[in-house]
There are 2 protein chains.
Amino acid sequence: MPAPATFLSYIDDHAEGFIQRLAEAVAIPSISGNAAHRQDVFRMGAWLQGQLNILGVQTKSVDLGRHVMDGQELPLPPAIFGRIGDDPKKKTVLIYGHYDVQPAEKSDGWDTEPFKLVVDSTSGRLIGRGSTDDKGPILGWLNVLEAHKSLGLELPVNLRFCFEGMEESGSEGLDELIASEAAKGKDGWFGGVDCVCISDNYWLNTRTPCLTYGLRGLAYFKVTVSGPARDLHSGAFGRSVHEPMTDLALLMSKLVAPDGTILVPGVDEMVATASAEERAIYEALDYDIKDVEESAGAPIAISSDKATVLMGRMRYPSLSLHGIEGAFYGAGAKTVIPASVSGKFSIRLVPPQTPDKVEPLVIEYLKAEFAKLNSKNKLKIENLHGGKPWVADHRHWNYEAAKRATEAVYKRSPDLTREGGSIPVTLTFAESLNVNVLLLPMGRGDDGAHSTNEKLDRSNFIEGSKLLGTYLYEVGADA
Amino acid sequence: MPAPATFLSYIDDHAEGFIQRLAEAVAIPSISGNAAHRQDVFRMGAWLQGQLNILGVQTKSVDLGRHVMDGQELPLPPAIFGRIGDDPKKKTVLIYGHYDVQPAEKSDGWDTEPFKLVVDSTSGRLIGRGSTDDKGPILGWLNVLEAHKSLGLELPVNLRFCFEGMEESGSEGLDELIASEAAKGKDGWFGGVDCVCISDNYWLNTRTPCLTYGLRGLAYFKVTVSGPARDLHSGAFGRSVHEPMTDLALLMSKLVAPDGTILVPGVDEMVATASAEERAIYEALDYDIKDVEESAGAPIAISSDKATVLMGRMRYPSLSLHGIEGAFYGAGAKTVIPASVSGKFSIRLVPPQTPDKVEPLVIEYLKAEFAKLNSKNKLKIENLHGGKPWVADHRHWNYEAAKRATEAVYKRSPDLTREGGSIPVTLTFAESLNVNVLLLPMGRGDDGAHSTNEKLDRSNFIEGSKLLGTYLYEVGADA
């Protein structure tokens, strides 16, 4: 069931108004990670709730309690629930988005004021904090609602909304809320939901729309080697005591090889090698070694084979060394023997890996390697936090609908991708509601979501709004 | 020629007055490393010059110019030169000391006010910043001068003094001053100097006086691995690019073994193994594994063999890893791939090693090890600073005089020690004046020179003053 031509024309004809609404949203600096902006996050939540109400959506602002940030007790921004449509003959789609943003100061290196949306008519870019992460996609849904209300068109599905204001700061309280709401079954706000759609990630490149069906999990470790009771002078103690940094450098060197191979026995082995058929998926993606090198800003791709690089990011685990706590980290020269040093590293996980399965392998291995050093220092290993990986069935009707919608709007098939990072709420929805979850990105790979000069291309905002609406029609056609 | 009994009695009889003078000196917070205290350093220099003048010493305050500290241009505290005696039949001894101190705040963990000398009559400790480093030893020389002036005794040697006020902050300007003064030959303040005596280090333990005849040198390196143009997210880039931390951890792990062996080929090999005879010197020192473990605050001695531990500190080179600049160093968890990371390490040198000889070995080795990694990241190696080691002939009459003086005052032979750290001015005197330099410590190994609750034992102050005076008589006897 293609989207009606009147809907598509409406989006084109009202583009200027939509951009104006995006400018209004960007102008509210809803930075969840800065206590001084907490009232702005509340203001943004109220603005969004008002917009939904105007467009006929029944809403509820859910208090998530209080939390402590920067030593200050603060009220948490509410979750905004919404519902429109209750036709038992229609599918019910749950939409997730977040109305908070990353911090931004012009002095960080922005070319323009971050909280004033700048429309660059030459490049076609809409520049401003939150333009692509995640105000643009949220407003894409508002555009769809407005078109249907104005044109008097019936929505092809029932819609439920879950918008949060703490995504950039750990989504505090959300997991519990989703779980408890889901537990209410039919009577809850998520009752009868058939599938979930999240628009909060990006195309792999700047050219090709994609659907994302996997995210890596994470297991973050802290390995501490302690020796002397206090920092020592390397002149007075060098070569007369066991130095914690010597032991730690050796342990950290045993974790991962320069080619990315994880050296902790059993971790890489847990993941099946890609079959020729699966490899072909990566070979077919619209992607080039140059893309990763442009993103990284240097010719440091781990391989010259495109599928190897893509699978390294998407379907294999990775181990990164982040740094050392407790050692000398300043500029200049200091001749210290640090008393206690903690190496930080994390493993990005893919199915069937989980933090629980990986942790004992890491601990056992580090203990065994430390024993080989014959050091009199002490070893301690902690798992700081973690999350499971997520992979959805991309043959599900939810994905099929999104594929047809992409083909209708962009005249090409979407790339099927997995992401190297995590969006924890994805797994929460999948596990709490036991339905298929789709990641349907609006923006491009170079949008700079957490960086300076964040932008959303005008064409991605407008065609993306058409895509979201068309996707609903394709889901509806499946009912 | 033993010191006259009247001199020794005078020191005993005037102990309370000497302690009162030390209290006056400690009360001036002459912290050279804190711009807010610069005037106090000047005040301390003027106080010292006044004391010398009262005791009959001709002095000169030498302007060392200005420098920049903490972004502020400041005048450097002067060097105080002094001379007393010009008898061509006598030996001429040059005395060095410093009148500035390390920072100290009660809130650092002091039990008492750091700049108020506390006399603990139970423990016999004189507690206060600068008590042992280096105001106590400087005042020891004043005590000797006072005794001779009051008793109408002729000094057994001609004395020259060189006191500085920037020792705790890099001795700015001093090397150049010493070199230019030495170049004046007979007409300079150091003209005719036969030997140098520095009292600015410590006994190896709390029991046995020592003479120190060696100091290690230093070569400090920074090895930088750079990859991406900016820090990357480990989710998006893990296992798709070469990570600088992976390469750096591997390089740092190749530098030194947990047992202290330096793995850079040619560095350990440059130093001859100790002969049985030399080993016997270390076996004979009044020292126990427990001493190093008490100082370090943990049972982490590199060996259970006493001579191995002592030689590790004194007569072999050591390599210590100090930390990493550019990596994540905070508490908590951050999933960053740092763009550029710099490992800091230094090698303590012993003869015949010099920074110039060691540097090419380190650079060549690190380049070769990096090449083995097949990484596309970039490597850079810098030698941040360095200094040559120093070893004096401990059979020289200067040392023989100090041995006899120690035996006379303490009724036991001094230990002959080398120190693991550096006192750069030692080498400057040795090379500029081409005379024997003696390190003759007054305080004990547990004085806590740069730490909280710095102290000098009353007995070390009083017997130490006798030692300094007796040493001058023993040098004089050699004329």
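Helices (H or I, at least four residues) and strands (E, at least two) are DSSP runs, numbered from the N terminus. With that in hand, let us walk through the structure, which is a predicted model in which local features need pLDDT of at least 70 and side-chain atom pairs count only at pLDDT 80 or more, while totals for chains, interfaces and linings use all residues. Residues are numbered from 1 along each chain as its sequence is written, chains are lettered from A and ligands numbered from 1 in the order in which they are written, and side-chain values use heavy atoms, with hydrogens and water left out.

Chain A splits into domain 1 (5–215 + 390–477) and domain 2 (217–271 + 316–387), with bounds that come from an automatic or database domain assignment. Their C-alpha centres are 38 Å apart. Where the two domains touch, 6 residues of domain 1 of chain A are in contact with 4 residues of domain 2 of chain A, contact meaning heavy atoms within 4.5 Å. The size of an interface is often given as the accessible area lost when the parts come together. Here buried area is the accessible area (1.4 Å probe) that two parts lose on being put together, summed over both. For domain 1 and domain 2 of chain A that area is about 340 Å², 45% of it on carbon and sulfur atoms. Between these domains there are 0 salt bridges, a salt bridge being a side-chain nitrogen of Lys or Arg within 4 Å of a carboxyl oxygen of Asp or Glu.

Next, look at how the chains meet. Chain B and chain A each bring 79 residues to the contact, and together they bury about 6,100 Å², with 57% of this on carbon and sulfur atoms. On the chain B side, Arg239(B), Pro258(B) and Ile300(B) lose the most area to chain A, together 14% of what that side buries. Arg239(B) also takes part in a salt bridge with Asp268(A), where the closest N and O atoms are 2.9 Å apart. In total, 2 salt bridges are counted between chain B and chain A. Strand S13 (residues 318–325) of chain B gives the most to the side that touches chain A, with 8 residues.

One of the pairs to look for is Glu325(A) with Lys344(A), at 2.8 Å from N to O. This pair links distant parts of the chain, since Glu325(A) sits in strand S13 (residues 318–325) and Lys344(A) in strand S15 (residues 340–349) of chain A, 19 residues apart.

Now for the annotated positions. The UniProt annotation "active site", from an unreviewed entry, covers Asp100(A) and Glu167(A). Although spread over 68 residues of sequence, they cluster in space, with a largest C-alpha distance of 6.7 Å. Asp100(A) lies in the loop between strand S5 (92–98) and strand S6 (118–120) of chain A.

Finally, some backbone details. Most residues other than glycine have a negative phi, and most peptide bonds are trans. Asp133(A) and Asp134(A), however, are joined by a cis peptide bond with omega about 10 degrees. Asp134(A) is in the loop between strand S7 (125–127) and helix H4 (135–151) of chain A. In chain B, a cis peptide bond joins Asp133(B) and Asp134(B), with omega about 10 degrees, and Asp134(B) is found in helix H4 (residues 131–151) of chain B.

Conventions: UniProt positions renumbered as here; feature names shortened; annotations may be inferred.
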